[in-house]
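Have a look through it first, and then we can go over a few points together.

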Amino acid sequence: MGSITATTFQDPFQKVPTGRTDGLAALVGKFREDTDPNRTDLLVGVYKTEEGKPYVLPSVKEAKNRIFNDPDWHHEYRLSALGSQLYRDLSANLLFGPDHRLLREKRIVSTQTLGASGGCHVGAVLLKNHYGPWKENGNPEIFLPSDSWCKLSLVTLYEGNSDRVIVNHPFVFTSAGIKASLLPYFSSKTNNFDFERFSEAIRSLPAQSVVLLQSGAQNPTGCDPSPDQWRELASIFSQRGHLAFFDAAYPGFASGDIDTDLAGVRLFAEQEIPLVFVSTYGKSFGLYSERVGILSILVPSEEVGKNIETQLRLLARAESGAPPDFGSKIVETILSDETLERQWRQEVRDMANELKRRRVALREGLEKLETPGSWRHLTDQNGMFSYVGLSVEQVTILREKHHVYLQDSGRISIAGLNDFNIDYTARSISAVVKATT
């Protein structure tokens, strides 16, 4: 296979050239030290209000009130290292759809995890130890989109400048002893999903490969497959016998509807494509620091599922002993109450619509200033993040001259835009583009 279709990521701690940032944490630190009144934070993926303040969902506030007022609430260990049965059942109904046949057949095995990061790690270790094709060839390898959850751009790997890449998704898997290789995903020419190259790369992989996919509101590009493209991908996975490792961090943030955003995952499950599914409630419930995640695995039979549950219990005991209770209790409280769940779904829809409004405002601001280039991709993309289409040079000028902080890749957090900084951000980007075009 040529280097264009898959590039092996060898070292998650590659040396960063002198003078360059060493990742998101360093940029956040520089932002906090910046005293300029116009400083603008477009770095971290945390939803903020229109005033730029932290947002606590009203449904979450209500759930917390109910928990605090429950005389039987306590801080003792949960009964299972996998998390409470109620939490897992409610999660399965939410993520796969209520009364799904796979749930009735007891062919979805799940465990609570420390966010999606913890879920990815547990899933990685489980596959490393038990995935048949890897055990047979002795070469565990996972294939990731070249633009996936990361701190700096992975596209530079294709440009021969891999020494400035510090990544998260590959690190999760390489830390578990799994080789991580990259597949083309995003077109910097169109600022959109390059489905043709991505699907062809997956088609060319060895049979029964493991491929990581994000379910919607893709981080960092904001570009997702269309329904037709999901169907074609499912067909390719089925034909080639690939295993899909889904990471769902932002259900509801793409379309505003949880079920719509999970349609791709459910399609793969319905077609019984080998599936590992990781999701977090950090974003959709605003429970960022509570680290509330879920790992689900599609199994061929109930008997196999029991064996996998045993392995998951052993992993849970080795990693955390017992899952944390408070965040998952909030999720349980909301999802077990029909009225509260309906309220929560509307709040997710409101957040998604607000992100879309901010995208429109930024695009209109840039177009009003007659900024060179097309800015349509800002509203074609969706979710919390966007590849705005700026070079490293332009991003550096934005940070150093205009105090607008975004990553070298040109990824901006749409959630960081608000009524106080959208106009300033548009003016700053426009000035930099005009000065460097």
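Here are my notes, starting with confidence and then turning to one strand and its partners.

1. Please keep in mind that this is a predicted model. The protein has a mean pLDDT of 86, and 90% of its residues reach 70 or more.

2. Two stretches call for care. Residues 1-22 have pLDDT below 50, although the model gives this stretch 55 contacts beyond near neighbours in sequence. Residues 151-166 also stay under 50, with 57 contacts beyond four places in sequence. Where pLDDT is low, the predicted coordinates should not be read in detail.

3. Now follow strand β9 (residues 243-248). How many of its residues are buried? The count is 6 of 6. In a regular strand, side chains alternate between the two faces of the sheet. On one side of β9 you will find L243, F245 and D247, and on the other A244, F246 and A248; both faces are covered.

4. Which strands pair with β9? Strand β8 (residues 210-214) runs parallel to β9 and is joined to it by 5 bridges. Strand β10 (residues 275-280) is also parallel to β9, again with 5 bridges. D247 is a handy landmark: Q214 stands opposite it, and its bridge partner in β10 is V278.

5. Finally, trace the path from β8 through α9 to β9: together they make a right-handed β-α-β unit.

Methods. Residues are numbered from 1 along each chain as its sequence is written. This is a predicted model: local features need pLDDT of at least 70, side-chain atom pairs count only at pLDDT 80 or more; totals for chains, interfaces and linings use all residues. Side-chain values use heavy atoms; hydrogens and water are left out. pLDDT is the predictor's confidence in each residue, from 0 to 100. Contact means heavy atoms within 4.5 Å. Buried means under 20% relative accessible area, exposed over 50%, partly exposed in between (1.4 Å probe, protein chains only). Helices (H or I, at least four residues) and strands (E, at least two) are DSSP runs, numbered from the N terminus. Two strands pair if DSSP finds at least two bridges between them. A crossover is right-handed if, with the strands pointing away from the viewer, the path from the first strand over the helix to the second runs clockwise.
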